[in-house]
Amino acid sequence: MASVESKIRRMGCVAAAAALVLCPEISRADESGISFWLPGLEGSLAATPTTPGWSLGTIYYHTSVNASGAAAAAREFQVGRFSPTVNINLNLNLSGQADLLFIAPTYTFATPLFGGQASITLAGVYGRNSASIAGTLTGPLGNTFTGTRQDDLTSYGDLYPTFKLKWNSGVNNYMFYAAGDIPVGDYNPNRLANIGIGHGAIDLGGGYTYLNPTTGDEFSGVAGFTYNFKNPDTQYQSGIDFHFDWGVSHFLSKQVFVGFVGYAYQQITDDFGQPAVLGGFRSRVLGIGPQLGYIFPIGDNQAFLGLKGYGEFDAANRPSGWNTWLTFSISEAAPRTVTPTRHIITK
């Protein structure tokens with residue numbers, strides 16, 4: 001039978017394989033309250049090495065968010081409802097929901113690179129995104145706009161390549177990653193709801209996982225920075241973003257763990273090209289919630305099923321609310337340690 005350490009590390013393999021995707025437009029920051037990185041993407045076991053070979057991660061993601069003031073008005077400016085040079089009084093409310101399916105095939109190399117384990121992923125997304133705005137804007141001459149605007153879209157999103165390099169030293173695990181956005185998804189600057197974000201992005205960062213197979217305790221943290229390229233349709237460039245995702249868990253058995261997850265997201269430089277009334281439009285949000293994971297065999301492969309959820313708070317210049325992640329991933333099983341059979345030779 002495989003050891004407890006082997007079981008836990010195999011759970012890390014399939015869990016990490018499913019955490020390699022980036023997400024679409026409904027709940028992010030920066031331009032119109034939208035960002036490249038989706039807080040909560042990383043979490044427990046993020047830096048643990050994975051089993052060499054192919055793996056497949058899938059995530060069903062649901063989110064429900066709301067925003068008011070500048071975060072809501074930014075959408076009206078984007079779709080051309082108002083001139084970005086007017087002086088207005090904002091009294092708007094934005095709400096949105098998304099149901100999305102992410103698919104992320106990953107290949108992990110068996111040959112070490114710089115003493116670590118390298119992997120590459122190309123993730124895609126398909127699903128439904130809906131948004132609505134209701135309220136009143138009052139201009140400098142007293143003219144107002146009152147009413148609602150709704151939009152929904154079922155389509156495909158951008159492509160998200162990711163490269164990861166991981167190192168293991170006993171209970172300590174380290175990770176470097178580089179990710180990007182290839183803006184080929186369904187995007188129209190005149191819509192409230194999109195799946196693509198309309199511009200490219202590069203994200204660089206690192207992570208750490210403490211995993212003690214003897215006690216079953218685990219802690220992970222992943223931090224990174226996002227550089228956003230200019231949106232060619234709107235001539236808007238979002239500022240640089242900092243994000244930190246974390247997770248703590250305890251293994252109740254060789255197959256089950258429970259714990260908590262959270263994130264912090266803060267834009268650290270101003271946007272460029274935004275209406276003056278929005279100011280620097282730096283965004284922020286915090287989130288926290290529970291998690292549950294279960295590992296089980298499927299034939300000769302290893303599978304992982306995980307559920308986590310976040311409630312958001314302390315948001316600024318971005319929609320916020322709650323979101324849930326249902327993850328299923330499958331990978332090749334880690335090799336079992338085989339003890340050689342001793343043969344007694346008699347003469």
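How many aromatic pairs does the structure hold? The structure holds 13 aromatic pairs, where rings of Phe, Tyr and Trp (its six-membered ring) pair if their centres lie within 6.5 Å, and where planes under 30 degrees apart count as stacked, over 60 as edge-to-face and the rest as tilted. The model is predicted, so that local features need pLDDT of at least 70 and side-chain atom pairs count only at pLDDT 80 or more, while totals for chains, interfaces and linings use all residues. Residues are numbered from 1 along each chain as its sequence is written, and side-chain values use heavy atoms, with hydrogens and water left out.

**View 1. The protein chain as a whole.** The secondary structure of the protein chain comes to two helices and 13 strands; helices (H or I, at least four residues) and strands (E, at least two) are DSSP runs, numbered from the N terminus. Of the 347 residues, 55% count as buried, where buried means under 20% relative accessible area, exposed over 50%, and partly exposed in between (1.4 Å probe, protein chains only). The accessible surface comes to about 14800 Å², and 61% of this belongs to carbon and sulfur atoms; such areas come from the Shrake-Rupley method with a 1.4 Å probe, and for residues only the protein chains shown count as cover. Among contacts (heavy atoms within 4.5 Å) between residues at least 6 apart in sequence, 70% join residues at least 24 apart.

View 2. A pair of aromatic rings is described by the distance of the centres and the angle of the planes. Y61 and F102 form an edge-to-face pair, 6.3 Å centre to centre and with 70° between the planes. Because Y61 lies in strand β1 and F102 in strand β2, this pair ties together parts that are 41 residues apart in sequence, and both Y61 and F102 are buried. F257 and F304, by contrast, form a stacked pair, with 6.2 Å centre to centre and 10° between the planes. This pair links distant parts of the chain, with F257 in strand β10 (residues 256-267) and F304 in strand β12, 47 residues apart. F257 counts as buried because its relative accessibility is 3%, and F304 is buried as well, with a relative accessible area of 6%. Elsewhere, ring pairs link W54, Y107 and F109 into a cluster.

**View 3. Charged ends over aromatic rings.** A charge sits over a ring if NZ of Lys or CZ of Arg is within 6 Å of the ring centre and within 35 degrees of the ring normal. The charged end of K308 sits over the ring of W325, 4.9 Å from its centre, while R318 lies over the face of Y265, at 5.5 Å from the ring centre.

**View 4. Salt bridges.** Side chains of opposite charge can pair when their charged atoms come close. With a salt bridge taken as a side-chain nitrogen of Lys or Arg within 4 Å of a carboxyl oxygen of Asp or Glu, the count comes to four salt bridges. One of them joins E42 and K164, whose closest N and O atoms are 2.8 Å apart. E42 lies in the loop between α1 (4-18) and β1, and K164 in strand β5 (residues 160-169), so the pair ties together parts that are 122 residues apart in sequence. E42 counts as buried at 3% relative accessibility, and K164 counts as buried at 2%. The side chains of R284 and D314 also meet in a salt bridge (3.3 Å, N to O), which links strand β11, where R284 lies, with strand β12, where D314 lies, 30 residues apart. R284 counts as partly exposed at 27% relative accessibility, and D314 is partly exposed with a relative accessible area of 43%.

View 5. L56, Y60, L101, I103, Y294, I298, L305, L307, L326 and F328 make a nonpolar surface patch of about 820 Å²; patches are made of residues with over 30% relative accessible area and no salt bridge, like charges being joined within 9 Å and nonpolar side chains (Val, Leu, Ile, Met, Phe, Trp, Tyr) within 5 Å. The elements that give two or more residues to the patch are β1, β2 (89-108), β11 (284-298), β12 (301-316) and β13 (320-332). L56 lies in strand β1 and counts as partly exposed at 35% relative accessibility. S64 is also found in strand β1 (residues 53-68), but S64 counts as buried because its relative accessibility is 14%. Not counting residues up to four places away in sequence, S64 touches G96, Q97, S320, G321 and W322.
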